[in-house]
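Subject: Structure handover

Hello,

Here is the structure I said I would pass on. My notes on it follow below.

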Amino acid sequence: MKRLAIVLFLLFSAVLSFAQEPLSGIVVDDAGKALAGANVMAYGPDGKVLSFAVTGADGTFQLKKTAGLERITASFMGFKTVSIPAGQFKDGQQIRMEAGGFQLKEVAVTAERIKESGDTLTYSVGGFKQAQDRSIADVIGKMPGLEVKASGAIEYQGKPINKFYIEGMDLMGSQYALASENLSADKVKEVQVLENHQAIKSLRDVSFSEQAAINLVLKDEAKSTWSGLADLGGGYGKEWLYDNRLMGMQFNKRFQTLMLYKNNNTGKDIGAEVVDLTDLTGYRMENGLLDMISLSGPEFERERYTFNSSHLLAGNWLLKTGPDSQLRLQASGLLDREHQQSCSRTTYLTVAGMPVVVEDWDVTGRRREVKGEVEYTLNSAKTYLNSRTKVYADWNASSGVMNLDGNATDLMVRPWKRSVSEDLSMSHTTKDGHIWRLFSSTGYTWLPGQLLTLDGKQETLDLGLFSTRNYASVSHRIGKWMFSGKLGMDARRQQINDHLWSLLMPYAEPALQREFGSHKLDGLLRISYQRRQYDQNVQQGFCFEPTVRWNWKFSPTSSMLVYYRLSASPIQGTKVVDAPVYTSYRSQYVGTGIPDVQLSHTVSGTYSFRNPVYGLFFSINPVFTRSKGNLLYANTIDSGIYVQQASGQTYDANTYLLDGRISKSFSWCRMVIGLSGSALRSDYSYLSAGKVVDARTAGYTVSLDYSLRPARWMTVEGGSLLEMTRRSVEGAAMAGVNDWEHRMQLNFLPAKKWMISLHNELYHSSEKNFGVNWFCDASVSYKADRWELSLAGCNLVGTSQYERVHISSAVQSYTLTYLRPREIVVRFCLDL
Amino acid sequence: MKKILVFVMMLTALMAGAQEKAQYRVTYDCDAQYGAQRKVYRWHLDIAQKSAVFYSPNNRGREKVLDEVVNENDVASVMVRLRSIKNEFPNPNPLEVLVEAAGEGRYTYLNDISSNKMWYEEKLPQMSWEMTGRDTIVCGYACLQAKARVYGRDWTVWFAPEIPLSYGPYVLGGLPGLILDAEDADGLFHFTAVGLEQDPADAAVELARKGEAVKCTRKKYMALREKANGQSFNEKLRELGTGNIKVVRVVSEDGKDIDLNESRPKQNYLDLE
């Protein structure tokens with residue numbers, strides 16, 4: 001049997017080798033010495049590789065002979081490649097290779113621009129920083145997957161971050177823009193993104209978070225030592241200009257601080273740096289019915305049309321009181337004076353006859369705000385305790401004159417606000433694996449507002465809004481199941497002048513969580529009893545609010561989340577109030593007086609993809625909301641006063657939102673490109689002359705942003721944005737507007753330490769009579785190791801006005817905004 | 001004695017002569033899932049005239065620092081240094097492969113099993129590359145696609161005929177061009193070239209610390225690896241020979257208790273068989 005097999009095998013091999021007729025040869029160097037390891041390739045038509053071989057120790061090779069052979073090439077490191085046409089190649093031929101330098105096209109190693117380690121992505125600041133970047137926020141904005149919004153909020157894969165750490169410590173709390181906008185990128189080595197970050201250590205494998213946190217890893221020289229910045233800026237436009245900053249900071253293992261004083265009258269909004277950006281679970285100051293007079297400005301940089309005089313003093317201190325505990329203190333004060341001038345023509349689309357109101361504004365807003373926060377945190381492996389006390393007070397006021405349809409009217413509004421709150425959160429894991437949690441969030445916001453109305457009366461709007469949310473819960477894991485039970489009590493009390501609205505809501509909330517493979521499923525059902533009262537009118541009943549969440553990480557690079565929630569939200573007292581209240585000098589609001597509840601279904605999803613090796617990030621977030629019981633308002637204009645009166649009728653509204661972003665970094669020219677898009681559609685109803693009208697608004701945005709360094713002496717950064725607004729009533733399309741925005745910054749580095757920058761912005765719209773608005777700024781700077789001197793010219797073109805049409809669900813408005821003139825500023829920045 | 005000294009000197013000279021200096025360095029990033037977590041590992045492939053070595057620069061850097069730290073007397077500074085090591089050298093990997101020129105057809109494999117360094121020498125596996133006819137550009141080089149099964153894993157690679165070097169990441173090679181991208185069919189390992197450098201400074205093509213490793217055969221190595229894969233901490237501790245010391249508690253980096261008897265998740269490897 002064995003013999004037969006051998007004979008058959010030999011026969012078969014012989015037949016096979018006869019059929020293939022391999023081409024053989026030998027590769028030698030110019031001295032005739034055999035070359036081992038040389039590559040021999042047989043090419044067919046169109047450069048297709050038919051077969052290949054690597055020469056053996058004796059330099060010989062055998063190539064499979066295939067039909068269509070056109071040429072044979074031999075290549076080897078350090079030798080010139082030899083190419084022989086098929087017709088000239090003879091079996092057994094010697095291929096002689098001539099020594100010749102093989103020069104590798106080098107590809108610079110892109111430092112590990114993004115490193116991945118489990119749930120942590122580490123972005124190298126050096127890998128993304130461009131010559132023009134100053135603050136760490138400038139660099140974060142260029143990191144694929146991350147985005148810095150106009151408010152200073154940082155988003156990762158379309159979701160806001162939940163913590164901003166510096167060297168692993170939470171110095172900034174929720175006001176992190178103060179650090180991200182002011183901390184020099186030169187002091188930061190790496191930006192880490194901690195995906196699915198659960199800040200409470202003891203809940204890390206228990207409670208799942210969809211949000212990421214950011215941690216700044218500082219360079220060694222920025223640690224354990226005092227450092228600072230001093231910027232001095234002065235210039236001239238229509239008036240003398242100033243722009244100064246003084247900052248001191250220290251980042252130790254036991255102590256961190258960042259203190260800052262800033263002022264300017266160049267239009268920069270520094271108040272935004274002390275706005276809460278992350279705090280979603282704690283007490284949030286409530287809004288009243290009055291606002292500062294804010295003239296709707298164009299969509300471009302506030303700096304172009306804001307005439308301000310701002311001062312900000314802020315301090316943050318963090319002291320490690322133990323290995324797992326810390327005490328944090330934060331305080332800030334803001335003084336801001338803003339002069340606004342604008343002309344507007346508003347068409348009230350929901351008022352019968354669509355009246356048009358023409359207003360000429362000349363308003364000055366003064367903001368005087370102080371706030372403070374003390375927080376103690378114990379965050380150990382088993383126990384968590386967090387106590388945060390916050391206080392806030394402002395004396396904000398707007399005053400001025402406005403011409404309404406040709407009649408001069410004095411304006412004044414004081415939407416004062418004071419607030420005090422305490423959030424307490426505790427969690428403990430017992431030896432038998434039970435997780436106990438206690439949470440309490442209580443706060444009071446007092447809004448003693450004053451307002452001058454169109455008929456010359458001074459209105460007082462005194463609001464006292466109290467809210468408390470409390471719960472206790474216990475969770476226990478059995479196998480892959482996690483069971484929890486929660487008992488809670490929420491209460492609210494809102495006093496609006498002499499009217500009182502209150503809510504009492506005890507609830508129970510059983511929840512279940514299950515992990516199987518790469519799936520995480522959790523669901524809960526809140527069963528609450530709501531007692532709502534407005535003056536003598538009482539409504540009560542049980543509410544069932546289910547929430548379901550499914551997270552599936554279906555590949556190492558992709559994950560998705562599907563979420564559903566039914567919520568029963570009581571209509572706030574400020575909306576229920578049935579006595580007429582002025583909300584602006586010529587707007588009046590009248591509610592139903594019925595303390596009702598509003599139901600809404602929300603279905604949302606997220607798909608995110610990320611591949612750090614390729615620097616490719618993608619996320620898409622669809623959201624659908626159906627809200628029931630929305631109030632219909634009868635809108636009238638009576639003696640120039642716009643009255644919005646709840647009719648008692650309601651409607652159901654649907655909102656569809658889809659937004660997504662794809663961003664990619666390339667090693668070529670250190671390029672980063674991001675493409676974002678969003679589509680929003682709202683179906684709603686309104687009352688027009690007593691008749692219910694169905695309407696729809698749709699808004700679409702597409703934007704592209706990029707940054708690259710095409711040459712060592714040049715960097716480019718910019719983007720384009722298209723915003724489309726559409727509206728239809730009863731199925732008939734109404735006017736739509738398309739707004740375009742383009743910006744491009746070109747930076748030239750003509751010599752070491754020198755930089756010349758040209759910044760261009762271009763705005764145009766489908767409204768033909770608006771023309772094209774172009775802004776150009778230029779600057780030249782010299783940056784030494786520790787200081788920088790720059791000369792900047794803003795709005796060199798000298799465009800002084802901007803016109804725009806804006807369409808919302810209720811109004812169509814034309815606005816004319818006055819812009820900042822041509823200005824020159826000299827700045828000296830010193831790294832202390 | 002003198003004779004011995006002369007002999008030792010000759011031997012050293014010979015050994016030094018055996019090392020080649022790298023002429024090219026390819027840097028790969030590998031998105032890989034060895035354990036429970038997916039991580040990106042950085043690799044270097046240093047290529048000389050007759051051989052090439054594939055290693056993790058972060059592992060070499062880390063081991064060098066650990067050596068320095070061992071000789072430090074100041075405990076506080078040692079602790080500081082150890083803490084920063086993780087950030088400084090992220091995702092180190094002890095694997096190193098030295099491939100002789102394709103004609104020789106042998107390679108030396110060096111890796112850790114638990115904390116033991118092992119090495120073996122083996123003939124390069126047969127790689128029957130099949131051209132798919134597809135092309136792309138990687139790192140600015142026109143590349144062709146080829147597929148082959150290597151040690152039980154199906155690899156799809158992109159190689160650059162423009163660079164006549166028959167090497168690639170791990171033991172992959174034998175193609176008429178340098179492999180710039182390689183991915184296995186299970187999606188567990190994906191190497192991508194991110195840098196190419198000519199004449200890298202101070203780069204000898206050799207295995208680091210081979211002298212500290214124990215020689216074995218591939219068969220033996222695979223058996224030991226299989227035994228260690230998925231071992232619980234208790235089993236590992238027993239192997240370390242903790243003897244009569246009773247280990248009461250082991251905590252992870254974030255302070256969580258680790259069950260000593262719980263078997264650990266199985267690891268994935270570049271080779272399956």
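**Strands and sheets**

In chain A, three strands make up an open sheet with mixed pairing, in the order β4-β1-β7. The edges are taken by β4 (60-63) and β7 (93-97) of chain A; each has a single partner strand, so one side of each has no neighbour in the sheet. On average, and with direction ignored, neighbouring strands of this sheet are turned by 30° against each other. Please keep in mind that this is a predicted model.

Within that sheet, strand β1 (residues 23-29) of chain A runs parallel to β7(A), and five bridges join the two. One residue pair to look at here is Val27(A), whose bridge partner in β7(A) is Ile95(A).

Elsewhere in chain A, strand β20 (residues 325-348) is joined to β47(A) by seven bridges, and these two run antiparallel. Cys343(A) stands opposite Leu816(A) in β47(A). How many of the eight residues of strand β47 (residues 811-818) of chain A are buried? Six are, and the strand is mostly covered.

**Domains of chain A**

Chain A is divided into domain 1 (17-97), domain 2 (114-223) and domain 3 (481-584). Between the C-alpha centres of domain 2 and domain 3 of chain A the distance is 31 Å.

**Salt bridges**

Over all chains, the count of salt bridges comes to 53. In general, side chains of opposite charge can pair when their charged atoms come close.

In chain A, Asp652(A) and Lys628(A) form a salt bridge through their side chains, with 3.9 Å from N to O. Asp652(A) belongs to strand β37 (residues 641-665) of chain A and Lys628(A) to strand β36 (residues 616-638) of chain A, so the pair ties together parts 24 residues apart in sequence. Asp652(A) has 36% relative accessibility and counts as partly exposed. Lys628(A), at 31%, is also partly exposed.

In chain B, a salt bridge joins Glu63(B) and Arg209(B), whose closest N and O atoms are 3.0 Å apart. Glu63(B) sits in helix α2 (residues 57-70) of chain B, whereas Arg209(B) is in the loop between β13 (204-205) and β14 (214-215) of chain B; the pair links distant parts of the chain, 146 residues apart. Are the two partners buried or partly exposed? Glu63(B) is buried, at a relative accessible area of 14%, while Arg209(B) is partly exposed, at 22%.

Also in chain B, Arg149(B) and Asp154(B) form a salt bridge in which the closest N and O atoms are 2.9 Å apart. Asp154(B) is partly exposed at 36% relative accessibility, and Arg149(B) is partly exposed with a relative accessible area of 48%. Through shared partners, salt bridges join Glu63(B), Asp67(B), Asp112(B), Lys117(B), Arg209(B) and Glu212(B) into one network.

**Interface of chain A and chain B**

On the chain A side 39 residues are in contact with 46 residues of chain B. The two chains bury about 3,900 Å² between them, with 56% of it on carbon and sulfur atoms. In chain A, the most area is lost to chain B by Met77(A), Leu104(A) and Val613(A), which together account for 17% of what that side buries. How many salt bridges cross the interface of chain A and chain B? The rule finds zero there.

Regards

Notes: Residues are numbered from 1 along each chain as its sequence is written. Chains are lettered from A and ligands numbered from 1 in the order in which they are written. This is a predicted model: local features need pLDDT of at least 70, side-chain atom pairs count only at pLDDT 80 or more; totals for chains, interfaces and linings use all residues. Side-chain values use heavy atoms; hydrogens and water are left out. A salt bridge is a side-chain nitrogen of Lys or Arg within 4 Å of a carboxyl oxygen of Asp or Glu. Helices (H or I, at least four residues) and strands (E, at least two) are DSSP runs, numbered from the N terminus. Buried means under 20% relative accessible area, exposed over 50%, partly exposed in between (1.4 Å probe, protein chains only). Two strands pair if DSSP finds at least two bridges between them. Axes are lines fitted to C-alpha atoms, for helices over the stretch in contact, and angles run from 0 to 180 degrees between N-to-C directions. Domain bounds come from an automatic or database domain assignment. Contact means heavy atoms within 4.5 Å. Buried area is the accessible area (1.4 Å probe) that two parts lose on being put together, summed over both.
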